[in-house]
Amino acid sequence: MQLAVWTYEGPPHVGAMRVATAMEKLHYVLHAPQGDTYADLLFTMIERRGKRPPVTYTTFEARDLGKDTAQIFQDAAREAVARFKPQAIIVGASCTAELIQDDPAGLSEAMGLPCPVIPLELPSYQRKENWGAAETFYQIVRNLADKSVVREPRGQGENARPARANILGPTALGFRHRDDLVEIRKILDTLGVEVNLVAPLGATPEDITRIGHADFNIVLYPEIADEAARWLEKTFDQPAVRTIPIGVGATRSFIADVAELAGADPTPALGDTSSRMPWWSRSVDSTYLTSKRVFIFGDATHAVAAARIAREELGFEVCGLGCYSREFAREVRAEAARCGVEPLITDDHLAVEDAIAAAAPELVLGTQMERHIAKRLGIPCAVISAPVHVQDFPARHSPQMGFEGANVIFDTWVHPLVMGLEEHLLTMFREDFEFSDEAGASHHAAHSPRKASVQTDVEAPVADIAVATVTDISATGWTAEAERELKKIPFFVRGKARRNTEAFAAADGRTAIDLETLYDAKAHYAR
């Protein structure tokens, strides 16, 4: 277990909590000491849910360790069932409680509770949050699905029933899951496909019993639903759509895949004209998008989708790609090969920061952690993946999937960048106090506006004012003349120009960076 200031994923019992909180009439009895109850804040403060998660903690204390902590768990389980009257409960231990080996699964099985009990074995010191969510959902489906279900035939002609699909993967605390679901339902309605159930989000244990009635499954978030979908395919012969509809191209592929399994005509859904992304990305400002260097990091689903959109739909150059989900590293490595970059598979945010600094991108697409990293490095950034901040759960409808999701992505990614007319105006008004370099870029999340330094006019004899010569060299190794020339470069690419010039000078063995070195470096990198 690694101690870190930031972490991309919590322990696996937080993943179980995400599934329990997403569902209805399911309760989670978590064997945990005082101090492990912090996870409530993730839902009430970050996701801003109106009610706390359906979790009962045993909250044993240090003084209880000399007593029977197993009895504390059994009492808590009985009280939870009596008070909340759930259709089913899941039971498990937090990372700390796992050390005392009370075995919640065995204890609950011997209690004879009046509802199904689903035990969770979540190894806290080997696995993490997304794996915990996937394992929890898999165990819920496996334990509750009615295996005797026989799907009725579709039929032919006027008597044919509509195709039915399960939408699998949306959870609590997911990145825009609620809004994505709205867009997916619209697509299915257009194709004439009925939704048998959505799970975990909004489903009850009773709903899960009829999961076998669907003709096929739609796996929206593989990190959560892939394992359960594979079991359903074996048990109920339900094929799965695994195309993730993030971006215009992927949405079209998703529609074609769903239509094929449903035996439907994809034309009405493919004719959706609500997406403005294809035209806008080719519009007058397209020259300011083409070849923008972008660094991407997040969960595998969103990182791979972002890389594909960047290179295929916006004309960006992907200069870095990675994810923190080791279970899905293969998909990221494959996409990184298509982008011509080395994949970064790590959960160490310091390694990610080093990689971003080395790549010197013009835009960072990542998690809340990469937002902070980009701020420190002075690089524009947009959040594309969990873990996220409260501001990434907007009150407005803000999906990532479907054609409307493509519109949101275009706005989110392009707005942090300095575009054509804006670049012209920033250059024209560089000496204005409001638009000077010292004021910073107020619209950039990546730049904290700095207080402009105001020089007070002081009367002094001309002879008393020191005049810098072109041979003056600063502590950074730049001559005053070269520094003045560097300031003529727009601020949003000046950092990159400085780093490139210093790298060129070091490689060429030049100890001082003068005007000639600056021009030589420019010519070198322009080739």
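This is a predicted model: local features need pLDDT of at least 70, side-chain atom pairs count only at pLDDT 80 or more; totals for chains, interfaces and linings use all residues.
Okay, let's start with the helix pair. Two packed helices are described by the angle between their axes and the distance between the axes. Here the pair is α9, residues 248–262, and α16, residues 402–414. Their axes come within 9 Å and cross at roughly 170°. Anything over 145 degrees counts as roughly antiparallel, and α9 and α16 are therefore roughly antiparallel to each other.

So who touches whom? On the α9 side you've got V248, T251, R252 and I255. On the α16 side, they meet G402, F403 and A406. By type, the residues of that contact split into four nonpolar, two polar and one charged. If you look at the numbering, remember that an α-helix has 3.6 residues a turn, so residues three or four places apart point the same way.

Next up, helix α12, residues 300–312. Is α12 buried or exposed, on the whole? Well, 11 of its 13 residues are buried, so α12 is largely enclosed by the rest of the structure.

Now the backbone, and I'll begin with the cis peptide bonds. One joins A199 and P200, with omega about 0°. P200 is in the loop between β6 and α7. Another cis bond joins A386 and P387, with omega about 5°.

Which residues have it without being glycine? K85 is one, with phi of about 45°, and D237 is another, with phi near 55°. K85 is in the loop between α3 and β3, while D237 is in the loop between α8 and β8. The cut-off for exposed is over 50% relative accessible area. K85 has 64% relative accessibility, so K85 counts as exposed. D237 is exposed too, with a relative accessible area of 59%.

That's it from me, thanks.

Conventions:
Residues are numbered from 1 along each chain as its sequence is written. Side-chain values use heavy atoms; hydrogens and water are left out. Axes are lines fitted to C-alpha atoms, for helices over the stretch in contact, and angles run from 0 to 180 degrees between N-to-C directions. Helices (H or I, at least four residues) and strands (E, at least two) are DSSP runs, numbered from the N terminus. Angles under 35 degrees count as roughly parallel, over 145 as roughly antiparallel, 65 to 115 as roughly perpendicular and the rest as oblique. Contact means heavy atoms within 4.5 Å. Ala, Val, Leu, Ile, Met, Phe, Trp, Tyr, Cys and Pro count as nonpolar, Asp, Glu, Lys and Arg as charged, and the others, Gly among them, as polar. The expected span of a helix is 1.5 Å times one less than its number of residues. Buried means under 20% relative accessible area, exposed over 50%, partly exposed in between (1.4 Å probe, protein chains only).
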